[in-house]
Amino acid sequence: MMTKKMKALVCRECGKEYPTEAIHVCELCFGPLEVKYNYEEIKASISRESIEAGPNSLWRYKDLLPVEGEGTIGIYAGMTPLVRAKNLGAFLGIDQLYIKNDCVNHPTLSFKDRVVAIALTRAREMGYETAACASTGNLANSVAAHAAQAGMQCYVFIPGDLEAAKVLGNLIYRPKVIEIEGNYDDVNRLCSEIAGERRWAFVNVNIRPYYAEGSKTLAFETVEQLGWQAPDQVVVPMASGSLLTKIWKGLNEFKKVGLLDEVKTKINGAQAEGCSPISTAFKEGRDFFKPVKPHTIAKSLAIGNPADGYYALKTAYESGGAMDAVTDDEVVEGIQLLAQTEGIFAETAGGVTIGVLRKLVKQGHIKKNDVTVAYITGNGLKTQEAVVDAVGRPIRIPPSLSKFDQTFGTQGES
Ligand SMILES: *Cc1c(COP(=O)(O)O)cnc(C)c1O
Ligand SMILES: [Zn+2]
């Protein structure tokens with residue numbers, strides 16, 4: 001008989017092990033906990049074929065995800081397209097560029113549908129009836145949608161300055177939406193306090209170890225979609241830094257269970273200059289970051305005191321990756337460049353990723369033949385404020401052929 005694939009929660013600092021319950025901090029050293037698996041056991045049963053025969057969603061990687069049974073919430077999440085970006089690659093001067101397009105994740109159009117699928121499936125297994133989160137925008141949308149579908153009570157906490165579409169993208173599902181007079185770091189602090197006194201599943205607070213594992217599926221899918229090969233370079237947007245660290249963890253787990261022979265991937269991190277505690281520390285060669293007060297249009301990434309910042313830095317150093325940041329103007333340019341070369345309309349986080357990708361190519365860090373994957377994690381229709389002044393207006397004419405010809409020239413003439 002299979003023993004349990006989840007072995008324990010383990011402290012990332014001192015290694016103390018805990019049962020797989022709703023806890024997230026080590027009681028000895030206050031280090032963060034993460035999920036530890038029985039890799040030997042998993043290795044014996046997992047194969048490329050068994051994965052390929054699985055569902056067309058992230059649940060095909062269930063053996064490496066922190067749930068005991070089947071996926072019950074978010075069963076359509078993941079398996080988004082890996083787009084061969086020839087046009088953008090040509091513009092940048094690199095030959096093997098791919099866009100992992102999580103703009104079209106189901107159901108709320110961001111990569112957060114992955115982490116929420118795992119977190120709420122696990123929350124249900126642990127008997128929770130109320131879902132909650134501290135969010136920079138996309139997470140709240142995803143928690144609210146999944147809670148509605150699952151019939152769970154729901155409380156989402158957001159900062160006071162979110163984009164209109166992200167606020168409405170909560171309200172439509174009728175959760176309790178609590179807008180905090182403050183930034184994300186204020187929201188997060190309050191949520192930690194509330195999580196201490198109510199039996200709610202705060203997906204990114206008390207059940208964070210399970211939630212965070214969902215991000216690994218971006219790495220798993222990339223490898224499978226590249227024909228069971230790890231990329232040479234990835235560019236990952238950073239808010240708390242969790243996604244970046246989990247892409248690295250996912251790649252290395254595939255190697256551990258025998259699905260990949262080697263992992264030589266350089267893990268590169270991207271931030272906006274107006275909130276760049278992690279990339280600034282990297283550029284100054286430090287392994288610790290200094291918290292900042294965010295001022296950027298990339299609101300989904302605006303975490304001034306990133307929970308996984310230290311581990312994100314470690315990951316970049318360990319993998320031979322780099323980090324950089326872009327200005328808000330470069331964010332807008334990045335969004336436009338991706339749209340105009342590949343027909344993909346990303347949110348501000350995508351502009352950050354493309355802007356930093358561009359810089360890393362220019363600096364010679366990403367080379368012409370490197371198989372490179374840029375993670376585009378959210379949809380541009382949610383952050384229209386960022387680009388509305390940059391895209392111009394339609395050409396307005398009366399419904400008249402002569403007026404049209406006058407504007408565009410007659411056929412043959414233009
Ligand atoms: C949440 C988010 C990220 C990254 O989040 P981490 O906290 O670093 O895991 C990236 N892009 C978008 C669009 C997001 O909403
Ligand atoms: Zn510890």
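Student: Is Cys-26 buried or exposed?

Tutor: A residue counts as buried when its relative accessible area is under 20%. In this predicted model, Cys-26 has a relative accessibility of 1%, so Cys-26 is buried.

Student: Which residues are the protein donors of the zinc ion (ligand 2)?

Tutor: The donors are the SG atoms of Cys-11, Cys-14, Cys-26 and Cys-29, and they lie 2.3 to 2.4 Å from the zinc ion. Along the sequence, these donor residues follow the spacing C-x2-C-x11-C-x2-C. Cys-14 and Cys-26 link distant parts of the chain, being twelve residues apart. Cys-14 sits in the loop between strand E1 (6-11) and strand E2 (17-18), and Cys-26 in the loop between E2 and strand E3 (33-37).

Student: How does Cys-14 count in terms of accessibility?

Tutor: Cys-14 is partly exposed, because its relative accessibility is 40%.

Student: Why is the arrangement around the zinc ion (ligand 2) tetrahedral?

Tutor: Start with the ideal: four tetrahedral donors have angles of 109.5 degrees at a metal. A real set of four still counts as tetrahedral if all angles lie between 85 and 135 degrees. Here the four donor atoms subtend angles of 97 to 120 degrees, so the arrangement is tetrahedral.

Student: What describes a pair of aromatic rings?

Tutor: Two values do: the distance of the centres and the angle of the planes. The whole structure has eleven aromatic pairs. One of them joins Tyr-37 and Tyr-39, with 5.9 Å from centre to centre and 50 degrees between the planes, and this pair is tilted. Tyr-37 is buried, with a relative accessible area of 2%, and Tyr-39 is buried as well, with 16%.

Student: Why is the pair of Tyr-155 and Trp-200 stacked?

Tutor: Planes under 30 degrees apart count as stacked. The planes of Tyr-155 and Trp-200 are at 15 degrees, with the ring centres 4.1 Å apart, so the pair is stacked. Tyr-155 lies in strand E7 (residues 153-159) and Trp-200 in the loop between helix H7 (184-197) and strand E9 (201-202), so the pair ties together parts 45 residues apart in sequence. Tyr-155 is partly exposed at 23%, whereas Trp-200 is buried at 11%.

Student: Which residues do ring pairs link into a cluster?

Tutor: The cluster consists of Tyr-61, Phe-220, Trp-228 and Phe-254.

Student: Which residues make the nonpolar surface patch?

Tutor: Ile-395, Ile-397, Leu-401, Phe-404 and Phe-408 make a patch of about 490 Å². Phe-408 belongs to helix H15 (residues 401-408) and is partly exposed, with 41% relative accessibility.

Conventions: Residues numbered from 1 in each chain as written. Chains lettered and ligands numbered in written order. Predicted model: local features only at pLDDT ≥ 70, side-chain atom pairs only at ≥ 80, totals over all residues. Heavy atoms only, no water. Patch = residues over 30% accessible without salt bridge, like charges linked within 9 Å, V, L, I, M, F, W, Y side chains within 5 Å. Areas by Shrake-Rupley, 256 points an atom, 1.4 Å probe, with all protein chains shown as cover. Salt bridge = Lys/Arg side-chain N within 4 Å of Asp/Glu carboxyl O. Helix = DSSP H or I, 4+ residues; strand = E, 2+ residues; numbered from the N terminus. Buried < 20%, exposed > 50% of the residue type's maximum accessible area, 1.4 Å probe, protein only. Donors = N, O, S within 2.8 Å, 3.2 Å for Na, K, Ca; no water. Tetrahedral: all angles 85-135°; square planar, octahedral: opposite > 155°, others 65-115°. Phe/Tyr/Trp six-rings, centres within 6.5 Å; stacked < 30°, edge-to-face > 60°.
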